[in-house]
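Hi everyone, thanks for coming. Let me put the structure up, and then I'll walk you through the sheet and the metal site.

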Amino acid sequence: MTRMKPLLERNEQFARTYTPVALGRPAAQMLVVTCLDHRVDPAIVLGLQLGDAPVIRNAGGRITQAVIDDIAFLAFLAEQLFGRQGPADTLFEVAVVHHTQCGTGFLADPDFRRQAAEATGVPEATLEASAVADPHLTVKTDVERLLASPLLSPKVSVSGHVYDIATGHVTTTMEARYP
Ligand SMILES: [Zn+2]
């Protein structure tokens, strides 16, 4: 038994009218970093279609070292594959999108964090680093962190945004900047 059954039925529907997308420059020339929360799917919230933009998701949508590594590799790949298709000095923009009511906000509470660390074996510092209590603050921290990374390509710009779960609106808190 798998709970995938209804989802596989939806996939059957999807495949009926599906047209494959060739590997090319992401149509939106964007890469989105956001939370894994099931209320925050950028395909729905930002209307992304297949082939529009790669998306990296983790708890909180935080800029971790793993995310920085992925972005560095994707910039290299984009340059190798599509570098000659667009302006020579730009590859894509990274949009960091944090959101209100984030489940990682509980991790800002030291007691909750200690319990979570004991129960899961995940180091307390790692849990603390993923906490989004105020998305307007954390998104700024993460945009600055990515811009400051020596691994970030000078052809990649970074912007910061907050998605409000209550209203459905995404607002820009930091305009796109190059390192
Ligand atoms: Zn979240």
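So, let's begin in the sheet: β3 and β4 pair in parallel, over eight bridges. Here, helices (H or I, at least four residues) and strands (E, at least two) are DSSP runs, numbered from the N terminus, and two strands pair if DSSP finds at least two bridges between them.

Before I go on, a word on what you're looking at: this is a predicted model, where local features need pLDDT of at least 70 and side-chain atom pairs count only at pLDDT 80 or more, while totals for chains, interfaces and linings use all residues. Residues are numbered from 1 along each chain as its sequence is written, and side-chain values use heavy atoms, with hydrogens and water left out.

Back to β3. On its other pairing, β1 is joined to β3 by five bridges, again parallel. Have a look at V96: its bridge partner in β4 is G160, and V33 stands opposite V96 in β3. Seven of the eight residues of β3 are buried, buried being under 20% relative accessible area, exposed over 50% and partly exposed in between, with a 1.4 Å probe and protein chains only.

Zooming out, what is the strand order of the open sheet? There are five strands, in the order β2-β1-β3-β4-β5, with mixed pairing. β2 (55–58) and β5 (170–177) are at the edges with a single partner strand each, so one side of each has no neighbour in the sheet. From one strand to the next, the twist averages 15°. Out towards β2, strand β1 (residues 30–35) runs parallel to it, with four bridges joining them, and T34 sits opposite R57 in β2.

Now the helices. α3 (residues 65–82) lies across β1, β2, β3 (92–99) and β4 (156–163), at about 155° to β3. Then α6 (residues 135–148) lies across β3, β4 and β5, at about 170° to β4. Those angles run from 0 to 180 degrees between N-to-C directions, with axes as lines fitted to C-alpha atoms, for helices over the stretch in contact; contact means heavy atoms within 4.5 Å.

Last stop, the zinc ion. Which protein donors does it have? They're C35 (SG), H99 (NE2) and C102 (SG), 2.0 to 2.2 Å from the zinc ion. C35 lies in strand β1 and C102 in the loop between β3 and α4 (110–120), so the pair ties together parts 67 residues apart in sequence. Donors are N, O and S atoms within 2.8 Å of the metal (3.2 Å for Na, K and Ca), and water is not among the atoms, so sites may look incomplete. C35 is buried, at 2% relative accessible area, and C102 counts as buried at 8%.
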